[in-house]
Amino acid sequence: MISPQQDIYNTVYGVCDKLSDVYEKAPPKGTPYPFIWLGQTELLPDRNKSVIFANVIQTIRFYAKDTQRGTISQLMFDVENALRELKETDQSYIDLVRPNTTVLGEVDGNDNLYHGILEVEFRVY
C-alpha cells in the first residue's frame, strides 16, 4: 500500500500523460510547448484509528507559448474534466472536491509564456 499522496500523484500523472507531455521536474531547455509539469502534492490527513481518510491537493502546472492561449486553456479544461470523472484509483475511492485554475503571463529569458496552474483537491477514502 502506498500513501494517499503518492496514489493521487500517480493517478494524476496517468491522466496528464494521456493528454500532453508531462514532466516530474523542470524539463530541459528547448522542450517544445505546451507541456505539463506536476508540482507539489499536499496531504491533509484526518485522524482515525483504523482507516486512512485524507484530502490530497495536487498542483498541476501548464506551460505554453504566448501564442497558445487557447491551447493552454483547452488543455487545462481537458485535464480537469478527466479528473472529475475519476471515482477510484488502484487502492482508494476518490472524489474531486475542488478544482482551482489560474492562467498567468510569464517571462522566461526572452520568451513570453502562459503559465497555467490547476490545483485539484481530492477526498480520498
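Trainee: Which exposed residues sit on the face of α2 turned away from its buried side?
Mentor: Gly 70 and Glu 85 are the exposed residues carried by that face of α2. Exposed is over 50% relative accessible area, buried under 20%, and partly exposed in between (1.4 Å probe, protein chains only). This is a predicted model, where local features need pLDDT of at least 70, side-chain atom pairs count only at pLDDT 80 or more, and totals for chains, interfaces and linings use all residues. Residues are numbered from 1 along each chain as its sequence is written, and side-chain values use heavy atoms, leaving out hydrogens and water.

Trainee: Which residues of α2 are buried?
Mentor: Ile 72, Leu 75, Met 76, Val 79, Glu 80 and Leu 83. They lie on the same side of α2 because their arc around the axis is only 130° (taken from the directions from the helix axis to the C-beta atoms).

Trainee: And what covers them?
Mentor: The cover includes α1 (4-19), β2, β3 (54-65), β4 and β5. Helices (H or I, at least four residues) and strands (E, at least two) are DSSP runs, numbered from the N terminus.

Trainee: How many residues does α2 have?
Mentor: Helix α2 spans residues 69-85, which makes 17 residues. From first C-alpha to last, α2 reaches 25 Å, close to the 24 Å expected at 1.5 Å a residue (1.5 Å times one less than the number of residues).

Trainee: New topic: is Ile 94 buried or exposed?
Mentor: Buried, because its relative accessibility is 1%. Ile 94 belongs to strand β4.

Trainee: What does Ile 94 touch?
Mentor: Leaving aside residues up to four places away in sequence, its contacts (heavy atoms within 4.5 Å) include Ile 8, Leu 86 and Phe 122.
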